[in-house]
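Trainee: Could we go through this fold together? I would like to start with the overall layout.

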Amino acid sequence: MHVIVATDGSQASLAAAGQFQRIADGREVTEVTVVAVVSPYAAVPFANELPGRRTTEPTDISFQADAAAAVDVVAAVFDGWGPTVHRQVRSGSPAAEIIRAAEEVGAGLISLASGGRGLTATILLGTTAARVQHSAPCPVLVCRPTPADAAGTARPG
């Protein structure tokens, strides 16, 4: 089975990838594609909170580079696990591009965080997660990180 794992550069998305990896059967998952989407219409198209961030100066703004760095950090969750890991940075509407990525590879599952930032991390499902659930061509696993996961203090899986 091919699984799409989405990241928005948040600690919640990193924790969700870890949760998926801990509960999934590595013998059933043959490929994982980690996807980040840069939205060309957002005020901040991609805000990477994860370690390994590539843009270091406020004047060195490269949303593609930050998205690629976030994808690399999330992909590292799957190092040594077994499945082949692919990395993608896409441009467009996050929900639409995650769904499109799943359709293109014939994914058997999409895994993403319930909400990456602000109130959505604690109260609401999250707009992207809700849209993906509604229109996905396959089952969707929406992970709600614990406060320890979101803070990056959870024990390794």
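Trainee: How many helices and strands does the protein have?

Mentor: The protein has five helices and five strands, where helices (H or I, at least four residues) and strands (E, at least two) are DSSP runs numbered from the N terminus. From the N terminus on, they follow the pattern β-α-β-α-β-α-β-α-β-α.

Trainee: What should I keep in mind about the model itself?

Mentor: This is a predicted model, in which local features need pLDDT of at least 70 and side-chain atom pairs count only at pLDDT 80 or more, while totals for chains, interfaces and linings use all residues. Residues are numbered from 1 along each chain as its sequence is written, and side-chain values use heavy atoms, with hydrogens and water left out.

Trainee: What is the strand order in the sheet?

Mentor: The five strands form an open sheet in the order 3-2-1-4-5, with parallel pairing; two strands pair if DSSP finds at least two bridges between them. Strand 3 and strand 5 (140-143) each have a single partner strand, so one side of each lacks a neighbour in the sheet. On average, neighbouring strands are turned by 20° against each other, direction ignored. Axes here are lines fitted to C-alpha atoms, for helices over the stretch in contact, and angles run from 0 to 180 degrees between N-to-C directions.

Trainee: Which strands does helix 4 touch?

Mentor: Helix 4 (residues 127-135) packs on the sheet and touches strand 4 (109-113) and strand 5, contact meaning heavy atoms within 4.5 Å. The direction of helix 4 makes about 165° with that of strand 4.

Trainee: Turning to strand 2, is it enclosed or open, and why?

Mentor: Strand 2 (residues 31-38) is largely enclosed by the rest of the structure, because seven of its eight residues are buried, that is, under 20% relative accessible area with a 1.4 Å probe, protein chains only (exposed is over 50%, partly exposed in between).

Trainee: And how many bridges join it to strand 1?

Mentor: Six bridges join strand 1 (residues 2-7) to strand 2 in parallel; V5 has V34 as its bridge partner, and T7 has A36. Strand 2 also pairs with strand 3 (residues 84-91) over eight bridges, again parallel, with V35 opposite Q88.

Trainee: What share of the protein is buried?

Mentor: Of its 157 residues, 46% count as buried.
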